[in-house]
Amino acid sequence: MHFDQNEAVYVRGLGIDDIAPVYHLGEELFTSDRYPYLYKIWGDWEVIGLYNADPDYCLVAEIDGKLAGFILGTIITKASWTYGYIRWLGVNPQFQRRRVADKLVDQLVSRMIEDGARFMLVDTDPNNTPAVKFFTRKGFGNLHQYVFLSMNLSKHEHYGRLIDYEH
Ligand SMILES: CC(C)(COP(=O)(O)OP(=O)(O)OC[C@H]1O[C@@H](n2cnc3c(N)ncnc32)[C@H](O)[C@@H]1OP(=O)(O)O)[C@@H](O)C(=O)NCCC(=O)NCCS
């Protein structure tokens with residue numbers, strides 16, 4: 001499908017009617033087969049919860065009236081510091097590489113600055129090259145990798161027996 005590269009990207013606050021389409025777009029983007037050890041789990045509660053907590057930090061982008069992307073964030077205050085945290089950012093594959101994410105982040109950051117944020121935080125899987133490149137280009141740095149461990153309980157000597165017993 002061809003899209004006019006000049007078609008305007010319109011960013012606005014997320015509304016009640018956007019919750020379901022945003023959730024479904026996230027389902028396409030945050031699949032566990034792409035990043036099997038995904039530590040953050042996408043679900044409808046993520047959209048509803050963040051929207052309830054901080055509607056000002058939930059934005060959608062539209063191109064020609066179609067949902068092009070979304071950003072869901074929150075503000076964290078610790079001691080005297082205020083951090084803006086980007087929890088989820090997603091762009092419809094049809095509209096990627098057209099500065100949709102760029103505009104969503106710019107608008108969210110400017111809202112957060114107004115509310116006192118002086119630092120921004122974001123996290124993603126280290127293998128998520130598009131996201132790592134995107135955020136680096138936006139000026140994020142000071143990358144820390146942390147260890148995420150997992151365990152298949154069924155294959156564990158002790159816990160596996162507990163599971164067998166449950167059955
Ligand atoms: C990461 C993501 C949000 C970027 O959205 P986007 O609207 O395509 O990004 P932009 O068009 O604003 O990109 C700006 C720059 O970011 C970098 N970038 C974006 N996508 C990239 C990719 N697939 N590969 C390499 N660099 C990429 C490039 O430097 C790009 O500039 P360029 O197009 O001039 O090369 C999008 O790929 C996405 O939704 N991914 C799946 C969900 C996800 O991983 N979200 C982030 C973690 S919550």
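The model is predicted, so local features need pLDDT of at least 70 and side-chain atom pairs count only at pLDDT 80 or more, whereas totals for chains, interfaces and linings use all residues. Residues are numbered from 1 along each chain as its sequence is written.

**The nonpolar core.** Select Leu59, Phe70, Ile71, Val100, Ala101, Leu104 and Leu108, the residues with the most contacts inside the largest nonpolar core, which has 27 residues. Such a core is a set of buried Ala, Val, Leu, Ile, Met, Phe, Trp, Tyr and Cys residues joined through C-beta atoms within 7 Å. A residue is buried if 20 or more other C-beta atoms lie within 10 Å of its own, exposed if 12 or fewer, and partly exposed in between, with C-beta atoms placed from the backbone. Next, colour α1 (19–29), β2 (58–63), β3 (66–78), β4 (81–91), α3 (100–114) and α4 (129–138), the elements that give two or more residues to this core. Helices (H or I, at least four residues) and strands (E, at least two) are DSSP runs, numbered from the N terminus. The largest share of the core, six residues, is supplied by α3.

Centre the view on Leu104. Its contacts (C-beta atoms, placed from the backbone, within 7 Å), leaving aside neighbours within four places in sequence, are Val11, Leu59, Ala61, Gly69, Ile71 and Leu89.

**The ligand shell.** Turn to the ligand and the 20 residues around it, of which Gln96, Ala101, Asp102, Pro130 and Phe134 come nearest. A residue counts as near if its C-beta atom, placed from the backbone, lies within 6 Å. The elements β4, α3 and α4 each give two or more residues to this shell, and the largest share, six residues, comes from α4.

**The strand pair.** Select β4 together with β5 (residues 119–122): the two strands pair in the parallel sense over four bridges, where pairing requires at least two DSSP bridges. Ile86 has Val122 in β5 as its bridge partner.

**Two loop residues.** Move to Ala79, in the loop between β3 and β4. Its phi is near 50 degrees, a positive value in a residue other than glycine. Ala79 is exposed, with 5 other C-beta atoms within 10 Å. Finally, select Asn142 in the loop between α4 and α5 (157–166). Phi of this non-glycine residue, Asn142, is also positive, near 55 degrees, and Asn142 is exposed, with 4 other C-beta atoms within 10 Å.

Terms used. Two residues are in contact if their C-beta atoms, placed from the backbone, lie within 7 Å.
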